[in-house]
Amino acid sequence: MTSPPNENFRKDINGLRALAVIAVVFYHFRISGFHGGFIGVDIFFVISGYLMTRIILSASESGKFSLSAFYLARAKRIVPALLVMCVTLLAVGWFLPLTAYEYQQLAKHVRDSAIFVSNHTYARESGYFDTAAHEKWLLHTWSLSVEWQFYLVLPLLLLVFKKIRQTASPRYFLVLLLIASLVSCLYATATKPEKAFFFLPFRAWELLSGGLIYLFAEQKTVSNRLASRLATTSVFLLFLSILFLSPTDPWPGWRAIFPVLISGLIIAVRDDKNPILTNPAVQWIGLRSYSIYLWHWPFVVALGLYGWQENAEAIFAGLIATLIMGLLSYRHIETPARQHLKSYQTRSLWLVFAGVMIALTFPASWLSKQHVLPQRTQAYLAAALLADEPPVENAWRPECFNGSREEGCLYGKAPVGAMMIGDSHASVTVTALQQASSAFGRGVQLWSKGACMTVLDIQSIDRADGARCKAFNTHALTRTTAAEPGVPVVIVNRVSLYPFGLYRVETHLPGRPQAILPNIAPDNQIDFLADYRRRLIETACSYAKSKRPVYYMLPIPEFHVNVPNALARNIMRKEPNSPDITITLADYHKRNDFVIGALKEARDICGVRLLDPVPYLCEDDKCFGSRNGRPLFSDNNHLNERGRHLLAPMFKVVLNESKGWSSTSGKPASAPFLGRD
């Protein structure tokens, strides 16, 4: 992402690089007006594609291209600063208030970043059940991995092409590759968004577009005046993109075509005197852009670690620290590495890089597998304190969670007193219903599938899994309809997730709907929400048609932090008496009122009964993620066993209203406030 001044140095590209890194940094630090700053990475891809194609083809045309020399040159540019940052984070992280799991994850990410496969790691980890995206110290290295993979593949493709067509230009070959990548990207953005975001095949068109600029527009063909106007207008359009794009927009997708084309136009017109791109301040940032990019994200994560992400003074300090570390890295790592490594022979240099990589990746890999690190005393004590709840006994746990058992899972003992349907919130909440049902000498039959909303004819955001979700929902409806008459059905879902997406704490792509509706684009919000509401009501009423009691639990509160992690950090910072983790009741309703309104409509239309968890988890206009220093959640939205225990009284009404059953106590339960045993 950086290039030192030389005879081929272009100030306009260096200025474009500066604008890209400013956009990304300001976006990640949540500076107002930079909602679309993530396009900075797309700009970097265009620049890299142009520069790499120019290096490869210009050397090939002169007969001086060496694959080994090309790879070593890329390594000298990228590896030293990256490895220094990785080593620093691994060392400093030992003393930070990180849980044992978080430190393991940091070590794993150091390893995968150092060998340039972190984009695949983060694609696998993305989504519903993983550690929050903003708690991953090396998340930003995914783009370096994409670039490195492109560096490995591009010269091989060009060499093969030259071998087959010795005198032909590769421009149309690259055009075909670009079209194939773009079409794949458009499809994957709608069907497999995490892969579309992180994987090279779906990002290659952005890099190839830069390469085609070299092949089709390397020679300047416009006047200086027109070049200046085009470059200035293009920069203005990039700023408009940053201003009006949103993290909730599907990305990369078709929207990414615009910043890619504009960036390519800036490179093509070659305006080396543009006042925006070539002024000294912008040039200074451009030269240090790679190191600035490397160091900005750890400071963003650090702000979240200490709860300062909304603190203006802390954000300003983070920006200053980013500039300082970027300067130090450029001056003492990047520049010396380029200068001193020139004196090494090729073979020796390969051995140096191999030795350094092994010296880092092997210890990092070992640390990533250590489940207990007693040397980190505070982390060990925090884990012990937070892990004092009894485990849930269920030998079928994986099958119960993924919906693969045709007959469902029985919790407790037969006969069945109630059935529960839903997503992962059902799979964890079922023990509360079981607790209530056991008082009547009955068990609970569960059909649940993680991230699968109980709505017929709806797909999850991953269409491959979405087809299984549709089949699961159809099967669950059939099985419950055919069950013994009078047995009630309880539906439990994280019902606001699917139209409104994950919280920012959970993903790098917040607010994007986690459902696909037939023939309606998620960004067509009015029609999308209207259709989702209709399908939600119709599905609830489909269960009610079975002439048995149907209960729908209203949403569980969700939090902006991972609750046990936040508590652990308080302990490790020696702040055991810090306030409990809460959200306001107003925040709860802001997130959930749309779906609550739809469920109330289902109640009015077809008699679906509603169960409200708020009286059991909230009190005095606050909803609690922890109580008296103990977590009620296992992350930011799934109740743990302690939290589920609080909902057992709510579920007694399900059994009390069923015909012919009597509680061993014979008394209906009242709804206690949070904290009552």
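# Reading local features in a predicted model

User: Is F116 buried or exposed, and how does A451 count?

Analyst: The cut-off for a buried residue is under 20% relative accessible area. F116 has 4% relative accessibility and therefore counts as buried. A451, at 25%, counts as partly exposed.

User: Which residues are joined by cis peptide bonds?

Analyst: The angle to read is omega. A cis peptide bond joins W251 and P252, with omega about 10 degrees. P252 is located in the loop between helix 10 (224-244) and helix 11 (257-269). Another cis peptide bond, with omega about 5 degrees, joins A414 and P415. Here the loop runs between strand 1 (409-411) and strand 2 (416-422), and P415 lies in it.

User: How many helices and strands does the protein chain have, and what percentage of its residues is buried?

Analyst: The chain comes to 26 helices and 13 strands. Of its 677 residues, 57% are buried. Contacts can also be sorted by sequence separation: among those between residues at least 6 apart, 80% join residues at least 24 apart. T191 is part of helix 7 (residues 171-191), and its relative accessible area of 2% makes it buried.

User: How should I read the length of a helix, for example helix 19?

Analyst: One compares the expected span with the distance between the end C-alpha atoms. Helix 19 (residues 424-438) has 15 residues, so at 1.5 Å a residue it should span 21 Å; the end C-alpha atoms are 22 Å apart, which agrees.

User: Where is the kink in helix 19 centred, and what contact is made at the start of the helix?

Analyst: The kink, of about 35 degrees, is centred on V430. At the start of helix 19, the backbone nitrogen of H425 has a side-chain oxygen of D423 within 3.0 Å.

User: How many residues of helix 19 are buried?

Analyst: An α-helix has 3.6 residues a turn, so residues three or four places apart point the same way. Helix 19 is mostly covered, with 12 of its 15 residues buried. Among them are H425, V428, V430, L433 and A436.

User: Which residues touch the most other members of the largest nonpolar core?

Analyst: They are L90 and L106, in a core of 116 residues. Leaving aside residues up to four places away in sequence, L106 touches L89, L90, G93, L98, W137 and L138. Apart from this core lies another, of 81 residues, whose members include V430, Y498, A566 and Y588. V430 is also the residue on which the kink in helix 19 is centred.

User: How many salt bridges does the structure hold, and which parts does the pair D42 and R203 tie together?

Analyst: There are 18 salt bridges. For each, one reads the N to O distance, the location of the partners and their burial. In the bridge between D42 and R203 the N to O distance is 2.8 Å. Because D42 lies in helix 2 (residues 39-61) and R203 in helix 9 (residues 200-217), the pair ties together parts 161 residues apart in sequence. D42 counts as buried at 1% relative accessibility, and R203 is likewise buried at 1%.

User: What are the distances in the salt bridges of R494 with E558 and of R533 with E601?

Analyst: R494 and E558 meet at 2.4 Å, N to O. This pair links distant parts of the chain, 64 residues apart: R494 is in the loop between strand 5 (489-492) and helix 21 (497-500), and E558 in the loop between strand 7 (550-553) and helix 23 (563-572). R494 is buried at 2% relative accessibility, as is E558 at 3%. In the bridge of R533 with E601, the closest N and O atoms are 3.1 Å apart. R533 lies in helix 22 (residues 525-544) and E601 in helix 24 (residues 585-606), so this bridge ties together parts 68 residues apart in sequence. R533 is partly exposed at 26%, and E601 is partly exposed at 31%. Salt bridges with shared partners also join D531, R534, R535 and E538 into one network.

Note on methods: Residues numbered from 1 in each chain as written. Predicted model: local features only at pLDDT ≥ 70, side-chain atom pairs only at ≥ 80, totals over all residues. Heavy atoms only, no water. Helix = DSSP H or I, 4+ residues; strand = E, 2+ residues; numbered from the N terminus. Expected span 1.5 Å × (residues − 1). Bend = angle between axes of the 7 residues up to and from the residue. Buried < 20%, exposed > 50% of the residue type's maximum accessible area, 1.4 Å probe, protein only. Polar contact = N/O pair within 3.5 Å; in protein donor to acceptor, adjacent residues only side chain to side chain. Salt bridge = Lys/Arg side-chain N within 4 Å of Asp/Glu carboxyl O. Core = buried A, V, L, I, M, F, W, Y, C linked by side-chain atoms within 4.5 Å. Contact = heavy atoms within 4.5 Å.
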